[in-house]
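I opened my notebook to record what I looked up in this structure, entry by entry. Each entry starts from something I wanted to know.

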Amino acid sequence: MEVMTGCKFLQKFRLYETRSKFYLIGRDKTGIHWRVLKIDRLESTELGVEEDPTIYTENECQELLCRIHEGNKLTGGLKFVTKCYGIVGFVKFLGPYYMVIITRRRKIGTICGHEIYSVAKSEMIAIPSVIVWPNVAYSRDENRYKRLLCSVDLSKDFFFSYSYNIMRSLQKNITEKNTGQVVYETMCVWNEFLTRAIRNHLKNTCWTVALVHGFFKQSKLSVSGKDFWLTLIARRSRHFAGTRFLKRGVNEKGRVANDVETEQIVFEDTSDGIPTQIASAVQHRGSIPLVWFQETSRLNIRPDIILKPDVDYKATRLHFENLALRYGNPIIILNLIKTREKKPRESLLRAEFAKAIHYINKSLPDDKRLKFLHMDLSKLSRRKGTNVLALLNKVASDVLDLTEFLHCEISTSTKPDDTSSGEETVAKPRDDRSSRDQTECAVKLAPLLLQKGVLRTNCIDCLDRTNVAQFAYGLVALGRQLHVLGLTVAQKIELHDPLADDLMDFYERMGDTLAIQYGGSAAHNKIFCEQRGQWKAATQSQEFLRTLQRYYNNAYTDHEKQDAINMFLGHFQPQQGKPALWKLDSDQHYNIGRQGTLKEEIGRSFIKRSLSDGNILLENSLPITNCNNESNNTELLPMQQLDDIREPSDSAPEISICEPNPCSSMNYGTVPGRYSMSEERQSYLKRLGYPELHSSNFLDLDLLSSSGNSCDEEVFERSSLINSPMDVISVESSTSYSEQGHIDEGRDDTDLSRSSSQLSDVRDYSDRFAHWVANGGMLCY
């Protein structure tokens, strides 16, 4: 984690203009150090940025602005444009460059004194003076590109921090010392491309903010009469980012669609905002890492699944290698998709996924083999007498025994010491109004435990069922986090506990937010509704309406949303003389050659989809963030403007800065046991396409099941309002899967079902899970 001191980060800015230049005046939190950035306005198509190396005092900066005003009186003098809170980036379409800035922020939380903000409002400002604007700047295409970029609404689910690397987990911030430019290149910084030009030119990140897209919620809760802060963060990867049917599976670089890192941070409430201990648990969700996609039309709500061949599962292997680099081992995969269907869709992916894991595990040493858990959540949720959340909690408990979580001790000192291995020092925040009279303290973070490995959860969309499973993991983790912090005696939180309801609200909100971003509607929360005892008819109506909303957005609006994302991330860069983005049929035309012919791909779909990163054009240009243009050209004297920037008295819940904090660990053991599978079951799995049972670490939990994406299908299967043809899976491979589908359809359910008493036998299940962890193999129920 970068050592964040009060004078290092510029946090408030004022933008001024003359006919020839923009002047961006920035100051740090203390108000002691002032800097000046000059932006050339006489260059019509190039970006000219110059940073004044001088560090000014407030009075010196006022004098400088007065001199600039006097020197430009003949051309209108110095005019105030707007106040802002950081540069999001610079973008160019067909003509001039534009600057995207944050004009309003809102404080949403604090991590060890470091304040976290969301973007409340942003603006896109054209840089060149009107007198030098090229003709193309007035073109219809230029305006359409601007509207497209502004459709990426930065005021929804984008957040940042000046002094804390919010794009990385607490443990990463402790164990890795990368700072500055390096953190902008990480997977969760969505404006990496937008800020690239200014960062490369200035060789620093003082003027920009790193935006993270996803979800952030922090609230104060209470347990046993003690207050603590619970923080839930979801960081969405910018790699292979997009919408539901346009981004599926894995690309050739091993990056999956809907890749989200979820972190749950817990620390005790203290008067100064600096706790003595902190705990963090990280989990991961992402699309099934196979090369597959779905095509949809406005007439088919359940599109076919098309599976592409991947020689030696290279993309899948790359994905898990990347996970191991990010989180360490073990990698535990919780696969929630269906085991049997009338027409094989999800079950096709399930069989192929099992084959891929088996193939990859053959080349891995025992301690790095992937651990694969099958769990048909949709089926289990429909079984009477089955408590899905209780079963998921048991899985989560056994997984946490393997991975553990981060637990840190925090101490303070009057002066920052040199950090040693495994320790991190950050500056303690100071009050803006009295900071000059205070002595800065150092906060030292010493990890007592570190998380090793991660739980990777997926269903078909990684939205609904996945969110239920992630809540179960979070609930078990919360019990253990509170215990190590000394806030509770017991390590377990029961499902009927009020604290479980509070946490469910966190995860339900996170699930809705992520589902809207990727799927187009709020998440299907049938299991959560049942846990609360809500009226079943009301729940079914809600699920049906959300399914309609998701279908409409997927069919009618997602293609434009994908175009905007591609622009924002720099995957498409407009060029004169080249086809416009909206004239292209797909966001992956320049990558089709690796998967099939362009003619085949265009002829197959009504709606765009992508198998790759979507780097359509790569020459010069930059994408942009969201905007609401409100340019204030009121002519005000520089002295008056600096007085306005001096005090944090902005309207709207914004302004305030601070410092960070981290934690976690692990240890695991094994329990002996043996479980033999029926010959009938082995035969079935072999015919379905599963590998030999002795070669890989597999756990088949057909006894577990839940809702989620299944709600989409269940609602429409029951509904007479929408009739879509039955889906027939297309498989572009030399292997025929039609036989597997018939086997699945005619399969006897007796070897999969168990009585309610057997399902509730937690100890029996735990022993078998432990044996699977210790000895590998496939465990089936």
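Is Cys188 buried or exposed? I found that Cys188 counts as buried because its relative accessibility is 2%, where buried means under 20% relative accessible area, exposed means over 50% and partly exposed lies in between, with a 1.4 Å probe and protein chains only.

Before going further, I noted that this is a predicted model, in which local features need pLDDT of at least 70 and side-chain atom pairs count only at pLDDT 80 or more, while totals for chains, interfaces and linings use all residues. I also noted that residues are numbered from 1 along each chain as its sequence is written, and that side-chain values use heavy atoms, with hydrogens and water left out.

I then checked for disulfides, each being a pair of cysteine sulfur atoms within 2.5 Å, and the search of the whole structure finds zero.

**Strand 12.** I turned to strand 12, residues 260-268, where eight of the nine residues are buried; strands (E, at least two residues) and helices (H or I, at least four) are DSSP runs numbered from the N terminus. Which strands pair with strand 12? Strand 11, residues 226-236, pairs with strand 12 in the antiparallel sense over nine bridges, and two strands count as paired if DSSP finds at least two bridges between them. Thr231 has Ile265 of strand 12 as its bridge partner. Strand 13, residues 277-285, also runs antiparallel to strand 12 and is joined to it by eight bridges, and here the bridge partner of Glu261 is His284 in strand 13.

**Tyr23.** I found Tyr23 in strand 2, residues 21-28, and it is buried, with a relative accessible area of 8%. Leaving aside neighbours within four places in sequence, Tyr23 is in contact (heavy atoms within 4.5 Å) with residues including Arg14, Val36, Ile68 and Leu78. I also noted that Tyr23 and Lys79 are 56 residues apart in sequence, with their C-alpha atoms 9.8 Å apart in space.

**Helices.** In helix 7, residues 346-361, I saw that 14 of the 16 residues are buried. Helix 8 covers residues 377-381 and includes Ser381, which counts as buried because its relative accessibility is 14%. A polar atom of the Ser381 side chain lies 2.8 Å from the backbone oxygen of Ser378.

Note on methods. Polar contact = N/O pair within 3.5 Å; in protein donor to acceptor, adjacent residues only side chain to side chain.
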